[in-house]
Amino acid sequence: MPQASTPLIIALSKGRILSETLPLLEHAGLMPKEDLHTTRKLMIDAAGGVRFLLIRAADVCTYVEHGAADMGIVGRDLLLESRPNVYEPLDLGIGRCRLCIAGPAELVARGKPEAGSRIRVATKYDNLTEQYYMAQGVHADIIHLYGSMELAPLVGMADRIVDLVETGSTLAANNLVEEDTLYDISSRLVVNPASFATRKSLIAPVIDAFSKAIRNEDS
Ligand code: PRP
């Protein structure tokens, strides 16, 4: 892999998808020089002239859009919600889940809200939720939360939630059921457009290495 004096900076999401990201990095020949699960460092050098930034998933697009990172790994949910100005060359096939509408079983059993009705929806996906209900002629009062969405219907604060569902166990544990799926989600490799233009000789081999890693081919 060609190397430059300035490292190629890749923003990685902390949290759930990190465990699935590490085998891909190893396969792509981009092993971090420290254990990403235990280090308190936020900037970690790796093989292949690469430097990783370890940040919250919701911030990855911001770093890549501003060019603070050349590339990043981020969920499709966040790309759909915030529509950042980034290239999206590769579906990495990790972090698979779905963005769903869910609610208390007794409410969902009555059917979807009718056109012209009004409901309260707790979510961190304000834009996608608004678009979904607007298309159905339903007025959604969005209650923005940062996590643990499943609690909102239990305390009577919301009628529905829009959130990621992977195994469904969090919904089940809180007596909620799925009503609809908005999108299938997986993690994507994203690239800053200006970096792609000016550092293509560095970025293209990394995209290629990730591409081979997800197909389980040798780099
Ligand atoms: C995510 C998501 C759901 C849960 C779904 O939350 O927001 O709450 O995982 O997973 P499951 O279907 O396998 O139960 P996460 O644990 O990442 O924390 P958060 O609520 O703080 O976002």
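Reader: Let me start with a spot I clicked on: which strand does Tyr87 lie in?

Author: Tyr87 lies in strand 5. Helices (H or I, at least four residues) and strands (E, at least two) are DSSP runs, numbered from the N terminus. Before we go on, this is a predicted model, where local features need pLDDT of at least 70, side-chain atom pairs count only at pLDDT 80 or more, and totals for chains, interfaces and linings use all residues. Residues are numbered from 1 along each chain as its sequence is written, and side-chain values use heavy atoms, with hydrogens and water left out.

Reader: Got it. What is the relative accessible area of Tyr87?

Author: It's 41%, so Tyr87 counts as partly exposed. Buried means under 20% relative accessible area, exposed over 50%, and partly exposed in between (1.4 Å probe, protein chains only).

Reader: And which residues is Tyr87 in contact with, leaving aside neighbours within four places in sequence?

Author: Leu189, Val190, Val191, Pro193 and Phe196; contact means heavy atoms within 4.5 Å. Tyr87 and Val190 are 103 residues apart along the chain, yet their C-alpha atoms are separated by 5.4 Å.

Reader: OK, zooming out. In what order do the strands of the sheet come?

Author: The order is 2-3-1-4-11-5, six strands in an open sheet with mixed pairing. Strand 2 (43–46) and strand 5 (87–91) are the edge strands, each pairing on one side only. Two strands pair if DSSP finds at least two bridges between them. From one strand to the next, the twist averages 30°.

Reader: How many bridges join strand 2 to strand 3?

Author: Four, and strand 2 and strand 3 (residues 50–55) run antiparallel. Ala46 stands opposite Val50, and Ile44 stands opposite Phe52. The two strands form a hairpin with three residues between them, and Gly48 in the turn has a positive phi of about 75°.

Reader: Which side chains of strand 2 are buried?

Author: Ile44 and Ala46, which point to one face.

Reader: Helix 9, then. At what angle do the axes of helix 1 and helix 9 cross?

Author: Roughly 115°, with the axes coming within 8 Å; helix 9 is residues 200–214. That makes helix 1 roughly perpendicular to helix 9, a word used for 65 to 115 degrees, while angles under 35 count as roughly parallel, over 145 as roughly antiparallel and the rest as oblique. Leu24, Leu25 and His27 of helix 1 meet Phe210, Ala213 and Ile214 of helix 9.

Reader: Last one: how many helices and strands does the protein have?

Author: Nine helices and eleven strands. Its C-alpha atoms fill a box of roughly 60 × 30 × 30 Å along the principal axes, and 47% of the 219 residues are buried.

Conventions: Axes are lines fitted to C-alpha atoms, for helices over the stretch in contact, and angles run from 0 to 180 degrees between N-to-C directions.
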